[in-house]
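Open the model in your viewer and keep the sequence panel beside it. We will go stop by stop, selecting as we go.

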Amino acid sequence: MLKILKKIEKIIYPPACIICNKPGYNNIDLCKNCYDDLLVNNNCCQKCATPLMGDVTYKICGSCLNNPHKNYHKILSVFIYKGVAKNLVHLLKFKHKQTVAKIMAQLIDKNITLSADAIIPIALHKKRLKTRGFNQATIIASELSKILKIPVVDNILYRHIDTKPQVELSAKLRIKNVSNAFKCSQKMTFKNVILIDDVATTTNTIISAAKTLKKHGCQNITALTFARTSH
Ligand SMILES: [Zn+2]
Ligand SMILES: [Zn+2]
């Protein structure tokens with residue numbers, strides 16, 4: 001019955017591109033042109049997903065070689081933060097187009113295979129949450145949860161320090177800015193988790209949140225971001 005209803009819905013409301021309104025492609029509200037504009041972050045460090053330059057055979061970046069982080073298993077950043085990927089993040093974050101989160105979750109699912117006991121969004125400080133009205137990471141997490149059938153746990157990890165946006169700071173201050181920003185309100189019973197955010201500029205926020213989760217019982221933490229800035 002649900003399948004028939006979904007088919008009817010698709011006939012009445014065929015997918016249309018959220019960016020340019022052309023017909024959707026691949027059952028997503030994104031047209032073929034916009035879809036093709038997305039740059040999959042394939043050539044990246046296998047540990048921290050930082051984009052790598054050129055055709056390198058050994059896919060671990062210098063930073064991970066020198067400082068192997070033990071708090072997280074690996075980071076997966078699906079797209080390079082450019083063009084349409086950047087537009088989608090902006091539509092979600094600044095124009096409050098929450099339907100974009102569904103498109104992002106579908107694009108994540110089409111590009112990587114994920115399994116975990118829970119999806120945990122990177123928490124916003126309650127002051128920032130009040131100003132923005134929503135946490136973009138939580139909305140992407142809920143949409144991904146519907147596809148993967150993995151529960152979202154967003155009531156344990158919280159941000160107790162209202163950190164400055166990372167983009168406004170120098171590299172050194174970025175690390176200091178978020179290093180103790182997170183806490184957990186109770187012990188985590190989920191061992192294998194996906195820690196999710198919209199964009200990663202540096203890995204500092206992820207490392208800090210993962211450290212806190214590990215301290216509170218998570219064992220295997222895979223961080224996931226929709227996009228990753230390239231240098
Ligand atoms: Zn389009
Ligand atoms: Zn790396």
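Start by selecting S208. Setting aside residues up to four places away in sequence, S208 touches V178, S179, A181 and F182. This is a predicted model, so treat every value here as computed from it.

**Helix α9**

S208 sits in helix α9, so widen the selection to residues 204–215. How far apart are the end C-alpha atoms of helix α9? They are 17 Å apart. At 1.5 Å a residue, the 12 residues should span 16 Å, so the two values agree. Next, colour the buried residues of α9: N204, T205, I206, S208, A209, A210, T212 and L213. Keep a general rule in mind as you turn the view. An α-helix has 3.6 residues a turn, so residues three or four places apart point the same way. Then step just past the end of α9 to G217, which takes a positive phi of about 115°.

Select L195. Which residues is L195 in contact with, leaving aside neighbours within four places in sequence? From α9, look for I206, A209, A210 and L213.

**Two domains**

Colour residues 1–37 one way and 38–228 another; these are domain 1 and domain 2. Their C-alpha centres lie 27 Å apart. The contact takes eight residues from domain 1 and nine residues from domain 2. What classes of residue does domain 1 put on the side that touches domain 2? That side has six nonpolar, no polar and two charged residues.

**K86**

Now go to helix α4, residues 83–93, and select K86. K86 has 15 C-beta neighbours inside 10 Å, so it counts as partly exposed. K86 and L148 are 62 residues apart in sequence and 24 Å apart in space, C-alpha to C-alpha.

**The whole chain**

Zoom out and show the cartoon. How many helices and strands are there in the protein chain? There are nine helices and six strands. The radius of gyration is 18 Å, close to the 17 Å that the globule rule gives for 231 residues, so the chain is as compact as a globular protein of that length. Along its principal axes, the C-alpha trace spans about 50 × 45 × 30 Å. Of the 231 residues, 37% count as buried. Last, think about contacts between residues at least 6 apart in sequence: 69% of them join residues at least 24 apart.

Key. Residues numbered from 1 in each chain as written. Chains lettered and ligands numbered in written order. Predicted model: local features only at pLDDT ≥ 70, side-chain atom pairs only at ≥ 80, totals over all residues. Domains from an automatic or database assignment. Contact = placed C-beta atoms within 7 Å. Nonpolar A, V, L, I, M, F, W, Y, C, P; charged D, E, K, R; others polar. Helix = DSSP H or I, 4+ residues; strand = E, 2+ residues; numbered from the N terminus. Expected span 1.5 Å × (residues − 1). Buried ≥ 20, exposed ≤ 12 C-beta atoms within 10 Å, placed from the backbone. Rg over C-alpha atoms; globule rule 2.2 N^0.38 Å.
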